[in-house]
Amino acid sequence: MGRYVIRRVLQFIPTVLGTMFLLHYLTSLGIQLTGNPVRALFGDRTPTPAMMAALSERLNLNDPCLTQTGNPCIGLFGERLVNIAQWDFGISLTGQREVTDIIGAALPYTIRIALIGFVFEAFVGILAGVLAGLRSGGFLDYFVKISTTLIIAVPIFVLGIVIREFVAVKFGNQLRADPNFPEIISRGFLAAGYKPDYPWASLFIPGLVLGATSLAVTARLTRTSMVENVRADYVRTARAKGLMPRRITGVHTLRNSLIPVVTSLGVDLGVLMGGAVVTETIFNVPGIGRVAAQSARTGDASVVIGIVTLAALIFLVANLLVDILYAVLDPRIRYE
Amino acid sequence: MTTEAPVKSPSTARFLSQLDMTAPPLEVRNLHVEFHTTSGEAHAVNGMNFVLSQGETRAILGESGSGKSVTAQAIMGILDSPPAKITHGEILYRGVDLLKLSDEDRRRVRANHIAMIFQDALSALNPVFTVGFQLGELFRKHRGMSRQASKAKAIELLDMVKIPAAKQRVNDFPHQFSGGMRQRVMIAMALALEPEILIADEPTTALDVTVQAQVMGLLSELQREHNMSLILITHDMGVVADVADSISVMYAGRVVEDAPVADIYARPAHPYTKALLESIPRVDLKGQELAVIKGLPPVLTNIPPGCAFHPRCRYAKDNCKVPPEPPHYDVDVNRVAACHYWREVIES
């Protein structure tokens with residue numbers, strides 16, 4: 001087990017470096033092909049060469065390699081790595097704020113919405129999958145299969161907008177009109193967007209919308225895995241051992257069926273933490289995703305790069321944890 | 001999870017009081033099992049009959065699809081139903097029909113009274129739990145033992161089936177054992193609660209020939225020590241000759257010949273048994289073409305009328321091709337054959 005973890009952590013390092021380099025090379029190429037991004041900050045006005053030079057200096061954009069198309073700018077990459085290691089992602093082009101400040105302010109919202117979505121996805125998804133898998137071909141099985149297909153088929157922006165419109169706005173407005181109705185529900189849980197008064201409750205619906213697609217995938221994966229395992233030889237052995245049906249399902253079948261599900265959930269958590277551009281925009285949640293979308297629109301490259309870097313890091317760490325968890329769950333991996 | 005109290009429940013006590021210890025350990029009467037498939041009802045077992053006496057080793061011999069494993073699973077009560085369905089018959093354990101018991105009593109019969117070993121131990125053991133857990137589980141759930149006591153029991157069992165360094169290996173997972181050792185773990189698991197009857201479904205098929213002999217040797221040794229009755233399901237005539245007392249030869253879900261082991265080898269009374277014996281490769285006939293039974297076993301959704309073996313039989317005459325199927329003719333005191341022409345077969 002120990003050797004497996006060490007080996008996996010060692011593999012993690014080149015993966016991170018490779019990802020960072022790819023990101024760095026893409027941005028460098030962008031600058032090399034389209035010119036100094038500082039130019040865009042002035043809009044219609046033409047900056048004096050002195051102003052250009054000063055600002056470029058401040059943003060660390062005047063390295064000559066940035067004018068040579070195709071140059072990988074290894075020197076700049078090294079500097080960037082050192083900066084990131086010191087938790088310095090540079091400053092935003094427009095607002096002159098530290099990128100880490102901007103991300104730090106947005107991250108709590110994203111974490112909350114991701115957690116809500118994740119708990120919803122894991123809990124309901126596994127439950128639905130197990131129930132469907134135990135009675136494959138039954139009513140519940142068809143219900144789960146059809147409803148998950150529907151959820152997967154509907155794009156998240158349609159699902160999000162429809163739920164906001166009908167549940168949060170129309171239904172919520174009716175409840176909000178009733179003064180006797182508890183506000184935590186009418187203004188919190190059923191809020192049409194983020195409300196600072198209800199930091200958790202008002203993220204409830206956005207969280208569910210965010211987790212919906214992954215929930216459908218989780219339910220289907222659990223179902224398939226269960227169906228495969230209820231007919232497995234070792235389940236027949238468990239029956240021959242005269243164990244109670246509840247124990248056969250709850251211990252022997254479930255434990256094996258959840259191995260692929262846990263893996264997929266771990267990756268999902270990484271994805272959710274990276275911010276949800278669409279959901280956060282629909283529900284007006286000031287999280288990572290919305291900041292990234294806004295920065296992309298205003299051309300604030302350093303914020304976008306910072307967020308993408310962070311998202312990639314979170315995703316890779318989540319992947320590492322999943323691999324370790326996988327070995328904990330499946331002894332066959334552990335003793336390779 | 002609830003633990004089963006070591007104190008016998010009223011229903012268990014009632015079940016135990018019904019047992020007639022003078023009756024044979026197991027008797028299967030006219031058992032019929034069907035599988036519901038998209039291409040119709042597959043008749044896997046069609047009137048299976050046999051008696052297992054105290055301490056006896058009975059081999060059930062037949063090709064794949066002859067219904068031997070289905071019979072075993074029906075006795076254990078672990079058929080997947082649906083699609084399987086027992087349509088007829090009785091399975092008498094010490095005189096009590098298992099098919100009439102409640103699910104709960106039936107469950108308690110498993111492992112406590114009748115246990116089973118499966119063919120492929122690697123897939124039959126749960127890959128994510130240690131063998132100690134899987135052995136100990138029996139004592140925790142059926143005897144209400146503590147984790148610690150059940151682990152001690154598991155080590156004892158591994159010792160019994162001669163697994164070296166049992167104390168360390170009890171914490172290992174199934175995939176860390178060799179094929180033969182895994183099958184030993186399966187045997188230990190089956191014997192854990194000291195059942196009266198052990199069903200071994202092709203216990204050595206997945207093993208190397210050298211390991212096969214060791215495992216079979218261990219099995220018959222333990223059978224003697226524990227005074228168990230053994231049902232040995234196999235398609236290997238060699239294994240049968242070494243350990244079985246009597247043989248039931250199955251074809252298309254029915255016993256076609258039932259005889260003491262020596263008789264059947266010396267003078268088979270059913271053309272199918274004869275053909276099986278002739279198809280064993282022999283050293284003294286080296287260089288000659290191997291004898292095969294021509295044709296294929298019947299499709300279970302469409303079993304030929306009359307004697308199911310008649311399309312492949314060189315003794316078959318017209319009355320073999322029409323219903324009813326041949327009855328079990330008495331060939332000798334302990335011997336029956338389902339062939340109209342058993343005299344001809346036995347003489348030739």
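Two strands pair if DSSP finds at least two bridges between them. The strands themselves, like the helices, are DSSP runs numbered from the N terminus, with at least two residues (E) for a strand and at least four (H or I) for a helix. With that in hand, Arg58(B) stands opposite Ser246(B) in S9(B).

Welcome to this structure, which is a predicted model: local features need pLDDT of at least 70, side-chain atom pairs count only at pLDDT 80 or more, and totals for chains, interfaces and linings use all residues. Residues are numbered from 1 along each chain as its sequence is written, while chains are lettered from A and ligands numbered from 1 in the order in which they are written.

**The annotated regions**

In an unreviewed entry, UniProt lists several transmembrane regions in chain A, including residues 12-33 and 142-163. For chain B, an unreviewed UniProt entry places "domain: ABC transporter" at residues 28-277. UniProt positions are in the numbering used here, feature names are shortened, and annotations may be inferred rather than shown by experiment. Here is how three of these spans look in the model.

| Span | Helix | Strand | Distance between end C-alpha atoms |
|---|---|---|---|
| residues 12-33 of chain A | 100% helix | 0% strand | 32 Å |
| residues 142-163 of chain A | 91% helix | 0% strand | 24 Å |
| residues 28-277 of chain B | 42% helix | 27% strand | 26 Å |

**The sheet in chain B**

Chain B holds an open sheet of eight strands with mixed pairing, in the order S6-S7-S8-S3-S9-S10-S12-S11. At its edges stand S6 (114-117) and S11 (329-332) of chain B, each with a single partner strand, so one side of each is left without a neighbour in the sheet. From one strand to the next, the twist averages 25 degrees; axes here are lines fitted to C-alpha atoms (for helices over the stretch in contact), and angles run from 0 to 180 degrees between N-to-C directions.

Strand S3 (residues 57-61) of chain B pairs in the parallel sense with S9 (residues 246-251) of chain B over four bridges. S3(B) also pairs with S8(B), again in the parallel sense, over five bridges, and there Leu61(B) has Thr234(B) as its bridge partner.

**A closer look at S8**

Is strand S8 (residues 229-234) of chain B buried or exposed? Six of its six residues are buried, so S8 of chain B is largely enclosed by the rest of the structure. A residue counts as buried if 20 or more other C-beta atoms, placed from the backbone, lie within 10 Å of its own, as exposed if 12 or fewer do, and as partly exposed in between. Ser229(B), Ile231(B) and Ile233(B) cover one face of S8(B), with Leu230(B), Leu232(B) and Thr234(B) on the other.

S7 (residues 197-201) of chain B pairs with S8(B) in the parallel sense over five bridges, and Ile199(B) stands opposite Ile231(B).
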